[in-house]
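Q: Could we go through this structure together, one feature after another, so that I learn how to read each of them?

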Amino acid sequence: MELIVLSGGILVVPVLAFITSVLFWPGQLLKAYNWYWRRRLGLVVRYSNYGSYRFCYSSRGTPGGATPTLLMLHGFSATKDMWLPVVKYLPRNQHVVCVDMPGHEGTSRTGAEDYCIQGQVRRIHQFVQSIGLDKRPFHVVGTSMGGNVAGVYTAHYPDYLCSATLICPAGLVYPTDSEFISRLRELEKNDQQEEPIPLIPSTIKELEDMLRLCCFTPINLPRPAMRGLLDNRIPNNGFYKEVFMEIVGEKSRHSLQENLHLITAPVQVIWGKEDQVVDVSGATVLQSTLPNCQVELLENCGHSVALERPRKAANLIIDFLSAQDASGEKAKKHS
């Protein structure tokens, strides 16, 4: 989801000025704020090509520092800018790359073969090659759909990674159904194909429902801001539906689960205890299959960890990288 980040994140706007602006140009305002915060955080938007396929990404810093590059993969219907609140709390010298996932925002929009999880993994590896990230091991971070992709990438390209962080990842067999999964099952059971998908809103009420589903902390945006957010999303709803049908289809629904046995890199798991999109019980699945993974469960936090707990998420990732570096140095001394 592309969201304006309010107090508790990185953006606090005087309400009157905000409402006045949104009334006149809602869609442009959202893009302007993202541009402003990218600029303030030192992120530069760039493009790379793999053959005729174009990737759009933002980055800060240069590879080869004390810590590995962070490659950050966003969730369904979001963009690279969803990571802005987290990037704010990362060290300024940390090399960060936030890419638009296949078909999203500035990355090429092609067809279903690129939107299933395996297709996205393939495209992400092409992106890695296109910007030279394959020269040294990097750390991949993914959330929700991006967490599914990050996990499967970790399973299939172990030589390119030093470690991975999975934030509320999709793609598992969850011991407990979430509110979102329960709603989907109800739609499937009653064959309600024309009913709106809860993560693809087309009205203000549906958008409010989606925000309630994704965030434990209520997000109370002024009505004009909600209108602007919705107006930004509606032209992409056909694409979102195509992607959604691929990632919940038979080939992709349990992609991460099916590839867990191939993961050998160190894995960190971060999950909001109040997640209503993919249930936190998935953390126990990861822990039982990857006994050495590090699990962090966040109190009073839902599915949108990057929005609700950006400072905590950033600190956990950096601490995890530091711990991996320390254990690596210790292993060298004893070898």
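Predicted model: local features only at pLDDT ≥ 70, side-chain atom pairs only at ≥ 80, totals over all residues.

Q: Which residues other than glycine have a positive phi, and where are they found?
A: Cys168, with phi near 40°, is one of them, and it is found in the loop between E6 and H6. Asn300 has a phi near 50° and is found in the loop between strand E8 (294–298) and H12. As to their surroundings, a residue is called buried under 20% relative accessible area, exposed over 50%, and partly exposed in between (1.4 Å probe, protein chains only). Cys168 counts as buried because its relative accessibility is 0%, whereas Asn300, at 48%, counts as partly exposed.

Q: What confidence does the predictor attach to the chain?
A: The quantity to read is pLDDT, the predictor's confidence in each residue, from 0 to 100. Its mean over the chain is 89, and 88% of the residues reach 70 or more. Over residues 1–25, however, pLDDT stays under 50, and for this stretch the model has 54 contacts beyond four places in sequence, a contact meaning heavy atoms within 4.5 Å.

Q: How many helices and strands does the chain have, and what share of its residues is buried?
A: The secondary structure comes to 13 helices and eight strands, and of the 335 residues 55% count as buried. Among contacts between residues at least 6 apart in sequence, 74% join residues at least 24 apart.

Q: How many residues of H4 are buried, and what span does H4 have?
A: An α-helix has 3.6 residues a turn, so residues three or four places apart point the same way. In this structure H4 has 14 residues and reaches 20 Å from its first C-alpha to its last, close to the 20 Å expected at 1.5 Å a residue, where the expected span is 1.5 Å times one less than the number of residues. Because 10 of its 14 residues are buried, H4 is largely enclosed by the rest of the structure; among the buried ones are Ile117, Arg123, His125 and Phe127.

Q: Is H5 mostly covered or mostly uncovered, and what do its buried residues pack against?
A: H5 is mostly covered, with 11 of its 12 residues buried, including Met145, Asn148, Tyr153 and Ala155. These buried residues pack against strand E3 (70–73), helix H4 (117–130), strand E5 (138–143), strand E6 (161–167), H9 and helix H10 (255–259). From first C-alpha to last, H5 reaches 17 Å, close to the 16 Å expected.

Q: What does Pro137 touch, and where does it lie?
A: Pro137 lies in the loop between H4 and E5 and, at 45% relative accessibility, counts as partly exposed. Leaving aside neighbours within four places in sequence, Pro137 is in contact with Pro68, Tyr160, Leu161 and Cys162. Pro137 and Thr69 are 68 residues apart in sequence and 8.0 Å apart in space, C-alpha to C-alpha.

Q: Is Asn237 buried or exposed, and what does it touch?
A: Asn237, which lies in helix H9, is buried, with a relative accessible area of 13%. Not counting residues up to four places away in sequence, Asn237 touches Ile200, Pro201 and Ser202.

Q: How much space lies in the largest pocket, and which residues line it?
A: Rolling a probe the size of a water molecule over the atoms shows where empty space is left. On a 1 Å grid over the protein atoms alone, a pocket is an open set of points where a 1.4 Å probe fits, with protein on both sides within 12 Å along at least five of seven lines, and lining residues have an atom within 4 Å of a point. About 830 Å³ of space lies in the largest pocket, a volume being the space filled by probe spheres set on the points, which are joined across faces, edges and corners. The lining has 47 residues, of which Ser144, Ala170, Val277, Val278 and His303 lie nearest the centre. H6 gives the most to this lining, with five residues.

Note on methods. Residues numbered from 1 in each chain as written. Heavy atoms only, no water. Helix = DSSP H or I, 4+ residues; strand = E, 2+ residues; numbered from the N terminus.
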